[in-house]
Amino acid sequence: MNPPPALHHNWSEPRVWFWAGVGITFCVFLVHAAWPVPDVNESHYLVKAKAFWEPGWIPRDLFLESQAAHVVFFAAWGWVYRFLSLPSGTWLGRLLAWALAAWCWQRLGQAAKLRPLSASLAAALLVGATTWANLSQEWVIGGLEAKSWAYPLTFLALALATESRWNAAWATLGLATAVHPLVGGWTVMLLGTVLMTTGPNSLDKVWARRGKWLPGAVLGIGLALLGVIPAVALSWGVEESWVRAAHRIYVFHRLRHHLVFQSFPWSHRLSFLALVLAMGVLSRWGGTHQLRLVVRVAWAAVGLSLLGVGVSVAGPWNWDLAARVLRYYLFRPADALLPMAFALLVAQGV
């Protein structure tokens, strides 16, 4: 008789190491973001998600009865609070979001030809860089809200784009945009800008390869509209003077710490500048061709931040126009994508 097969894992198998990397990355995210519930954003987001499924939960509340901007997130997660309490449902959502982020991050590391443990090191560098070198107080790994799903989908889309799987990449970015129109939408525009401005990609050549990207792009647009239409509809039918006033209040009073460059602390400006300089050195002297696309998208995000600086400084000449532009979070993409590229470049060098 043949002896029974050995009851142990073959730790030399790439799949085993990949899942080990996912587990370690999940622990990194857990240690970084497992603060008590509710976080400041969760107290708004998740109450709104519960009310989306239970309209009469707290009657005559102006905030809960207002139009929902993140309809896809509320519809996809709010039903959980019909069965679980707000704290329990939030912890469950956090754990699932961190697990999704860990898997998508490892996929990005895989596309960049990083070993799984190196990608886990990059995950630690990511949360460190977004904590200590952000410009507009943006975070990538944190509590539970729409961008907690959108950023992992962005990791996955960039992995697919790096592997030239364009149909899947555009469809994934469409889903990210449906969940969070700004996180996904900015990534789409930055990636598209990079593709149109680098390399020998004439319109004729791009159209000749349409089978590799057009079906995914069409699907992505359809998915994105699920998130974009509700967000745009917030101001439909509202008097223009009220809309302008709302934009000015939103940008220059309520969220100026995220949206207006002059309101950013000097420590944030200097740490972000240090990260830009470090990225300049790393992208000039290090990195492989697998990371070229991610690095270029990160630099495009820095260019968007420079536009935000210009609009912020020019704000006194036309407050209404400045508010109309700055409300789209021009500094958010660089706060996420620059630390992402930095972390991957450092881990690749190690």
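Predicted model: local features only at pLDDT ≥ 70, side-chain atom pairs only at ≥ 80, totals over all residues.
Local features need pLDDT of at least 70 and side-chain atom pairs 80 or more, while totals for chains, interfaces and linings use all residues. Residues are numbered from 1 along each chain as its sequence is written, and side-chain values use heavy atoms, without hydrogens or water.

**Largest pocket**
- The largest pocket holds about 1800 Å³ of space.
- It is lined by 46 residues, and A69, H70, Y250, R254 and Y329 are the closest to its centre.
- α12 gives the most to this lining, with seven residues.
- The lining residues divide into 25 nonpolar, 13 polar and eight charged (Ala, Val, Leu, Ile, Met, Phe, Trp, Tyr, Cys and Pro count as nonpolar, Asp, Glu, Lys and Arg as charged, the others, Gly among them, as polar).

**Aromatic pairs**
- The structure holds 15 aromatic pairs (Phe, Tyr or Trp rings, using the six-membered ring of Trp, with centres within 6.5 Å; planes under 30 degrees apart are stacked, over 60 edge-to-face, the rest tilted).
- W77 and W149 form an edge-to-face pair, because their ring centres are 6.2 Å apart and their planes stand at 90°.
- This pair links distant parts of the chain, W77 in α4 and W149 in α7, 72 residues apart.
- W77 and W149 are both buried (under 20% relative accessible area, 1.4 Å probe, protein chains only).
- Ring pairs join Y45, F52, F73, F74, W77 and W149 into a cluster.

**Charges over rings**
- K50 lies over the face of W57, 5.1 Å from the ring centre (NZ of Lys or CZ of Arg within 6 Å of the centre and within 35 degrees of the ring normal).
- The charged end of R269 sits over the F261 ring, 4.7 Å from its centre.

Note on methods: 1 Å grid on protein atoms, 1.4 Å probe; cavity = no way out; pocket = protein on both sides within 12 Å on 5 of 7 lines; lining within 4 Å. Points joined across faces, edges and corners; volume = space filled by probe spheres on them. Helix = DSSP H or I, 4+ residues; strand = E, 2+ residues; numbered from the N terminus. Buried < 20%, exposed > 50% of the residue type's maximum accessible area, 1.4 Å probe, protein only.
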